[in-house]
Amino acid sequence: MNNIPYKIYLDEAELPKQWYNLRADMKNKPAPLLDPATLQPMTAQALSGVFCEELVKQELDDTTPYIDIPQEIQDYYKTFRPAPLMRAYNLEKALGTPANIYYKFEGNNTSGSHKLNSAIAQAYYAKQQGLKGVTTETGAGQWGTALSMACAYLGLDCKVYMVKVSYEQKPFRREVMRTYGASVVPSPSMDTAVGRKILQEHPGTGGSLGCAISEAVEVATSTPGYRYVLGSVLNQVLLHQSVIGLEAKTALDKYGIKADIVIGCAGGGSNLGGLIAPFVGEKLRGEADYRIIAVEPASCPSFTRGKFVYDFCDTGMICPLAKMYTLGSGFIPAPNHAGGLRFHGMSTTLSQLYHDGLMEATSVEQTAVFAAAEQFARIEGILPAPESSHAIKAAIDEALHCKETGEEKTILFGLTGTGYFDMYAYEAFHDGRMHDYIPTDEDLAPGFASLPKV
C-alpha cells in the first residue's frame, strides 16, 4: 500500500449529502429517554421544551437510515470539509510496525476540532425555529468554541457554561469563544439555582460536564426564546458527526483499503460515534467485520467500570434519564487534563453497542496519553488535543502488537483536534507535575449511590 498518498482528500462533490443514522441498522435499539417524574418515555412535545423541534425529531428517529443535510449546512461544511484522511507513514516507520496506520484529522478549522460538524447543524435548526439564542455546556472548550462560531455565523446569542477547571486551565479557549460573541461562565456558578446547590454541597469543586449541563438546561428552560444544545452524548449529535466516518469510509474505498481496527476516544461519544458509524453499519448488516475500540481516561472510566443502567445526564438531576454506561451523575472526576472526556456517562447508542459486544473499550492513564501525544507530535508534526491522544495511545499499542505478531493490519483512528489551547497540560507533563489518578472503588461508590431506582 506504499502508493497511498500521505493525505487523501475527497473532492467537494464527494462530500456527504446525507447523515447516516446508525440506529436504523441496530437490532437492539438504544433504550428511550425517560421522564424522571413519570419514568415513561419522553415525548416529542416534552423534549421540545428543551431542544429545537427538528432536533427532537432526529433524536427520536431510530428507523430512518439517511437524513438529508440541508443545503445551507452543506455550504457551511464546505468551508472546512472535507477533512483529510492521513497515512501515518512516519509513525509506522518510527514504530517499526508492519501495520498500516491512518487517521482522520478533524482539526482543520478555527474551533480546532470535530465539534463544528454538529454545532452548525444545531444552530441552523435553532435559527430556522426563530429562536433568539441557545445555551450549552463545554468541557475542554472545543464544543463551546465551535458553537460560538456557528452562532456568530447565524446571528444567534450563545451562552456557555464551561467546566470550572477547564475555564481556569484554558483561558485562551475561553477568549476565542468571547471573540465570537459568546458569554462564558465557569461552572458551577452562582448564576443558577442548581449551580448554587452544587457549590453548597461541594465547596471549591472544579466542576464537571454534568454540573455544567444542569446549569445550561436551567437557563434555557427559564428564558423565553432559548433552547439547550449539547455537543455530545445525544443521538442527534452522533447523527451529525457521521460525516467523519462517511468521509473516512469513502476515502478508504477510493483506494481499495479496508480497515481492520477502528479506534476513537470516548467521553460522551460524539467523535467515536461519528467515526465508527458506517463501519458498524456494515458490521450490523453482515457486510464486513471490524474491530472497534473505544478509549477513555482511567480517571473517568464510564465504559470499563461503569454500570449499564438508567441515570441522569446531569448532576442537578433535572434532565431526562438515559440508559447508558455510567459512573453515576453524582460522580465528579478529578481535575486532570483529560479535558472533554470528563462526562460521567456515555451515549445510549454506543452503550447499547458495547453491551451487545459490537465494540471494545479500554482505559488509559493521562501520563501515558501525553507521552503518546508528544511522540506523535514529534513524528507526524501535528500537536494533538489531549482527548485525541487517547486514541493515539491505543493506536500505537495496536501497531506495536502487530510488530510482535508480524500481522499487517490496517488501523484507523480519529484525531479529533489540535492541542494548541492545552499547553498548560503539556507544561505539567514536561515539568513532571502531571500525575495519574485512577479512582478507587470507594471513590466510585458515591456516584453509584446516586443512581435512580429505575
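Predicted model: local features only at pLDDT ≥ 70, side-chain atom pairs only at ≥ 80, totals over all residues.
**A walk through the chain**

Residues are numbered from 1 along each chain as its sequence is written, and side-chain values use heavy atoms, leaving out hydrogens and water.

Now for the overall build. The C-alpha trace spans about 60 × 50 × 45 Å along its principal axes. Of the 454 residues, 63% are buried, that is, under 20% relative accessible area with a 1.4 Å probe, protein chains only.

The chain holds 18 helices and 15 strands (DSSP runs, H or I of at least four residues for helices and E of at least two for strands, numbered from the N terminus). Seven strands form an open sheet with mixed pairing, in the order β1-β4-β5-β15-β10-β11-β14; two strands pair if DSSP finds at least two bridges between them. Because β1 (7-8) and β14 (360-364) each have a single partner strand, they stand at the edges, and one side of each is left without a neighbour in the sheet.

Look next at β5 (residues 100-105) and β15 (residues 410-415), which pair in the parallel sense over six bridges. Here Ile101 stands opposite Ile411 in β15. Helix α12 (residues 270-285) packs on the sheet, touching β5, β10 (261-265), β11 (291-297) and β15, where contact means heavy atoms within 4.5 Å.

Conventions. Axes fitted to C-alpha atoms, helices over the stretch in contact; angles between N-to-C directions. Buried < 20%, exposed > 50% of the residue type's maximum accessible area, 1.4 Å probe, protein only.
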